[in-house]
Amino acid sequence: MQGTRTADDVAPERDAEFARLALPLLPDVARVARALTRDAANAEDLVQDTFLKAYRHWDTFQPDGDCRRWLGAICRNTWFAQQARERWVTAVGDDQELETFAAVQVHKLAREQGVEEMFGRLDLAPAIRAAVERLEPSYRDVVRLVDLGELQYDEAARTLGIPVGTVRSRLYRARRQLQQELLAFATDAGFDAVRPTRSPLPTGGERHARS
Amino acid sequence: MEIVRQLWPYLDDALPDEMRERVVSHLEACDGCRSHFDFERAFLEAVREAANGDAGLGALQSRVLAALSSEGFLLPP
């Protein structure tokens, strides 16, 4: 072996880096795993497998990369690799136009009622969880996979064995139902009106365009 | 309306490059669509954050750390 550094020398640095960058993301990985598996025990196994793979392949992680996305990709790939091949159904039409119009109406109503900034409030979290649980199961599945599990539309379609167009239409309709419920909740709770703040536009790529 | 109907796919990272660029340049110029975009983005972040608030993660973290230590991982002090 050439050089003066051995594997033992770099191990502490490597572990420290892994502990600093990867371990704090356990809640994010757990959320993705729960969404994918829809089963608590399987989710825990998947989280463990994800972190073991990440640790084994930590050398392939780029130091300036997005560790959350990297772990999410490992988690999803691991899950899909465990799944038997499922039938693939191609897209059909959907009523996206109607849902787009409805979504704009919800936003307009939120602005008129002074609760446009309601989603930034921590005390909305229990209401959001309850609203997701109340969704019709076929809608809740899509929300879990795409919004919580961070799957692409086609991945969610393959997982559920439904067309991509159906994933889209269920997703948009579910989101609108959630928004309507939360709007009613926020209005009833008397949330104060807050002036909207404008955050920078993302350059694209990052999931849900977090800023 | 054409751009507005692309906002969910944009936020879901499901648009081809050309359309994504069109959405970005439109949002930079149109206050109405930008306001709607901010609302939808805040909604998706809130849904995700709400799911992260679940209990029971402590036990899972202990389990993961135990598995990692069997691979030689040493948690720094």
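**Figure 1. Overview of chain A in the predicted model.** Of the 211 residues that make up chain A, 34% count as buried in this structure, which is a predicted model. The secondary structure of chain A comes to 9 helices and 0 strands, and reading along the sequence therefore gives the pattern α-α-α-α-α-α-α-α-α. Among the contacts in chain A with a separation of 6 or more, 71% are accounted for by residues 24 or more positions apart.

**Figure 2. Close-up of A33(A) in the nonpolar core.** The largest nonpolar core has 65 residues, and within this core A33(A) and I128(A) are the residues that touch the most other members. When residues up to four places away in sequence are not counted, A33(A) touches A43(A), L46(A), V47(A) and C75(A).

Figure 3. Q82(A) is found in helix α4 of chain A, which covers residues 67–82. Is Q82(A) buried or partly exposed? With 13 other C-beta atoms within 10 Å, Q82(A) is partly exposed, because a residue counts as buried if 20 or more such atoms lie within that distance and as exposed if 12 or fewer do.

**Figure 4. Close-up of helix α7 of chain A and its surroundings.** Helix α7 of chain A runs over residues 137–148, and its buried residues are D141(A), V142(A), V143(A), R144(A), L145(A), V146(A), D147(A) and L148(A). The elements that cover these buried residues include α2 (26–37), α6, α8 (153–160) and α9 (164–189) of chain A, together with α3 of chain B. After α7(A) comes E150(A), whose phi is positive, near 60°.

**Figure 5. Close-up of helices α8 and α9 of chain A.** The axes of α8(A) and α9(A) come within 8 Å and cross at roughly 105°, which means that α8(A) is roughly perpendicular to α9(A). In this contact Y153(A), D154(A), A156(A) and A157(A) of α8(A) meet V164(A), V167(A) and R168(A) of α9(A). By class, the contact of α8(A) with α9(A) has 5 nonpolar and 2 charged residues, with no polar residue.

**Figure 6. Close-up of helix α6 of chain A against helix α3 of chain B.** Helix α6 of chain A, residues 125–134, and α3(B) have axes that come within 9 Å and cross at roughly 90°, so α6(A) is roughly perpendicular to α3(B). From α6(A), the residues A125(A), I128(A) and R129(A) meet A46(B), V47(B), E49(B) and A50(B) in α3(B). The residues of this contact divide into 5 nonpolar, no polar and 2 charged. I128(A), which takes part in this contact, is also one of the two residues that touch the most other members of the largest nonpolar core.

**Figure 7. The contact between chain A and chain B.** How many residues does the contact take from chain B and from chain A? It takes 41 residues from chain B and 48 residues from chain A. On the side of chain B that touches chain A, the elements giving two or more residues are α1 (7–11), α2 (17–29), α3 (31–52) and α4 (57–69) of chain B. Of these, α3(B) gives the most, with 16 residues. By class, this side of chain B has 24 nonpolar, 5 polar and 12 charged residues.

Figure 8. Chain B comes to 4 helices and 0 strands, and buried residues make up 31% of its 77 residues. At 1.5 Å a residue, the 22 residues of α3(B) should span 32 Å, and this agrees with the 31 Å that separates its end C-alpha atoms. The buried residues of α3(B) include H36(B), F37(B), E40(B), A46(B), V47(B) and A50(B). L7(B) is found in helix α1 of chain B and is buried, with 22 other C-beta atoms within 10 Å. Leaving aside neighbours within four places in sequence, L7(B) is in contact with H36(B), F37(B) and E40(B). The C-alpha atoms of L7(B) and F37(B) are 6.7 Å apart in space, while the two residues are 30 residues apart in sequence.

Methods:
Residues are numbered from 1 along each chain as its sequence is written. Chains are lettered from A and ligands numbered from 1 in the order in which they are written. This is a predicted model: local features need pLDDT of at least 70, side-chain atom pairs count only at pLDDT 80 or more; totals for chains, interfaces and linings use all residues. Two residues are in contact if their C-beta atoms, placed from the backbone, lie within 7 Å. Ala, Val, Leu, Ile, Met, Phe, Trp, Tyr, Cys and Pro count as nonpolar, Asp, Glu, Lys and Arg as charged, and the others, Gly among them, as polar. A nonpolar core is a set of buried Ala, Val, Leu, Ile, Met, Phe, Trp, Tyr and Cys residues joined through C-beta atoms within 7 Å. Axes are lines fitted to C-alpha atoms, for helices over the stretch in contact, and angles run from 0 to 180 degrees between N-to-C directions. Angles under 35 degrees count as roughly parallel, over 145 as roughly antiparallel, 65 to 115 as roughly perpendicular and the rest as oblique. The expected span of a helix is 1.5 Å times one less than its number of residues.
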